[in-house]
Amino acid sequence: VSLSSEHLGDDLPAPSTNWPISKILLLNCAMAGVQFAYATMTAFVSPYLSAQLKFEPWQVTVTWFVGPIAGFFVQPIVGALSDNSRSPYGRRRPFIVLGGILTSLSLLLLGFSTALGNLLSGAGSARVLAVLGVILLNVAANTMLSPVRAIVADVVPLDRQEAGNSFSAFMFGLSFATCNLIFYIAATVYSVTPESAAFLSLLETMTSVGAVVILFSLIPTCIVGVEEPFAARASNKVMVAEHDADGVQQSKIVVFFADLWSAARRMPPSIRRACIVFFLSWAGYFPFQVFTTNVFGLQTGTLIATASAVANMLYSPIFSKLSVRFSEKPLYLISQTISAIAMAFLGPLDESQGACIFLAVLIGVNYATMNIAPFSLIGKAKTDDAGAFAGLANCACVLAQALSNLSTLVVQAINPNGGDLQPIHVAVFYSFCAAASTLLLAGGTQANYRRITSVLDVAAHAMEA
């Protein structure tokens, strides 16, 4: 996807070119930390609520629905506030540290909700604390996630943005794979089932480990991510005006959201279109992510999630190389189409563990693609609005999660006896919508046709070899 020169921010300071892969990985350690929290949440929450706290299926879906809604408001606010921070410690790092501490505490609240509930008044309190833990964890993780993405756009040189965002996705996959692999090994060795007391012990152990991992992950990011805040430009600065045209003082909240809307309107068209595709991709992926252990069982579900995360981790660095040669659009179109087809076969092949793992690998490749492309474009723009743009892109992500959950609720209400595969049916629908939407990305039809055929030719030659 091409960007016009007007979006490249030539008036911004030239970054250092001394950015080897090792330094990029250290910068993205905080991403690994926050994703470990997400991995723990997606692996444990659905079986925990269903088996331990006796939630009905629709109650589990509602719980997953509330979290993304909270994240929707947090992401752009934190992004825009960090854009305008004049802290001596930088624009992003104070928010990363704050978000990391809150994420650790929220994860512990979720993990120990049953123990804390028993100290209070029993199962009712445990249910309330578990739901509160999920909501607070979403809010805290989103507080951390937006500046973690934006700091890559701020400090990594323009010619290394693909690598910066690719290895951010690599850390995504590494965290998810590690967490789910630990979960799978423990569940297998100790014969853990969602109904057993051992499940609660495993949940408490994993959330405790996760809290420590998050806090330690902040250290390398804050050391490597030395920021040189850009001078805010009058046209881009958020919350610069507190009076309307008649000189009447306005609420800071009104000014904030007005300027946030202005940032959305300033978003380059190529980034805006990528966010639309990102939105639909997440709507298709989210049910697969959070209901895997419920649909396929605890052990098979964690193994499927591990396979998808490993594919994401391994493909992320490859994507940055391929995108230089072919651009993002044909890669996104092909991977999203393959992912949609793979999602469609998950239901019919749900009894075959090997087939499901293979399909999960294909889905994981697209997961890497969809989490790199939008943020790579934001990084290339090199603008003071990087935090707001990253927050708005992540807003698309959380809105997509809310949409897929709402769709699942509707499907469950229409057909209460539809079975555990209903979330996968929702995932299939939105995955194909996302595949069709990749045509929105910038570029001419003939040029994209040539790129797509080039990618397919390379793949065919590789298979022949």
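Numbering starts at 1 along each chain as its sequence is written. Because the model is predicted, local features need pLDDT of at least 70 and side-chain atom pairs count only at pLDDT 80 or more, while totals for chains, interfaces and linings use all residues; side-chain values use heavy atoms, with hydrogens and water left out.

**Overall make-up**

The protein chain has 16 helices and 0 strands. Both are DSSP runs numbered from the N terminus (helices: H or I, at least four residues; strands: E, at least two). Of its 465 residues, 58% are buried. Buried means under 20% relative accessible area, exposed means over 50%, and partly exposed lies in between (1.4 Å probe, protein chains only). The chain exposes about 18,500 Å², and carbon and sulfur atoms supply 67% of that area. Areas come from the Shrake-Rupley method with a 1.4 Å probe. Among contacts with a separation of 6 or more, 83% join residues 24 or more positions apart. A contact means heavy atoms within 4.5 Å.

**Helix 2 against helix 7**

Helix 2 (residues 29-52) packs on helix 7 (residues 161-189) at about 40°, with the axes 8 Å apart. Axes are lines fitted to C-alpha atoms, for helices over the stretch in contact, and angles run from 0 to 180 degrees between N-to-C directions. Helix 2 and helix 7 are therefore oblique to each other. The cut-offs are under 35 degrees for roughly parallel, over 145 for roughly antiparallel, 65 to 115 for roughly perpendicular, and oblique for the rest. The crossing of helix 2 and helix 7 is right-handed, that is, the near helix is turned clockwise from the far one by less than a right angle. Helix 2 contributes residues including Cys-29, Gly-33, Gln-35 and Phe-36, and helix 7 contributes residues including Phe-172, Ser-175 and Phe-176. By class, this contact has 13 nonpolar, 7 polar and no charged residues. Nonpolar covers Ala, Val, Leu, Ile, Met, Phe, Trp, Tyr, Cys and Pro; charged covers Asp, Glu, Lys and Arg; the others, Gly among them, are polar.

Gln-35 lies in helix 2. It is buried, at 3% relative accessibility. Gln-35 touches Leu-145, Phe-172, Ser-175 and Phe-176, leaving aside residues up to four places away in sequence.

**Helix 10 against helix 11**

Helix 10 (residues 269-296) and helix 11 (residues 298-326) pack at about 150°, with their axes 6 Å apart. Helix 10 is thus roughly antiparallel to helix 11. Tyr-285, Phe-288, Thr-292, Thr-293 and Phe-296 of helix 10 meet Leu-298, Thr-300, Gly-301, Thr-302, Ile-304 and Ser-308 of helix 11. Here the classes are 5 nonpolar, 6 polar and no charged.

**Ser-217**

Ser-217 sits in helix 8 (residues 197-224). It is buried, with a relative accessible area of 7%. Ser-217 touches Cys-29, Ala-30, Gly-33 and Met-144, not counting residues up to four places away in sequence. Gly-100 is 117 residues from Ser-217 in sequence, yet 8.7 Å away in space, C-alpha to C-alpha.

Most residues other than glycine have a negative phi. Two residues here have a positive value.
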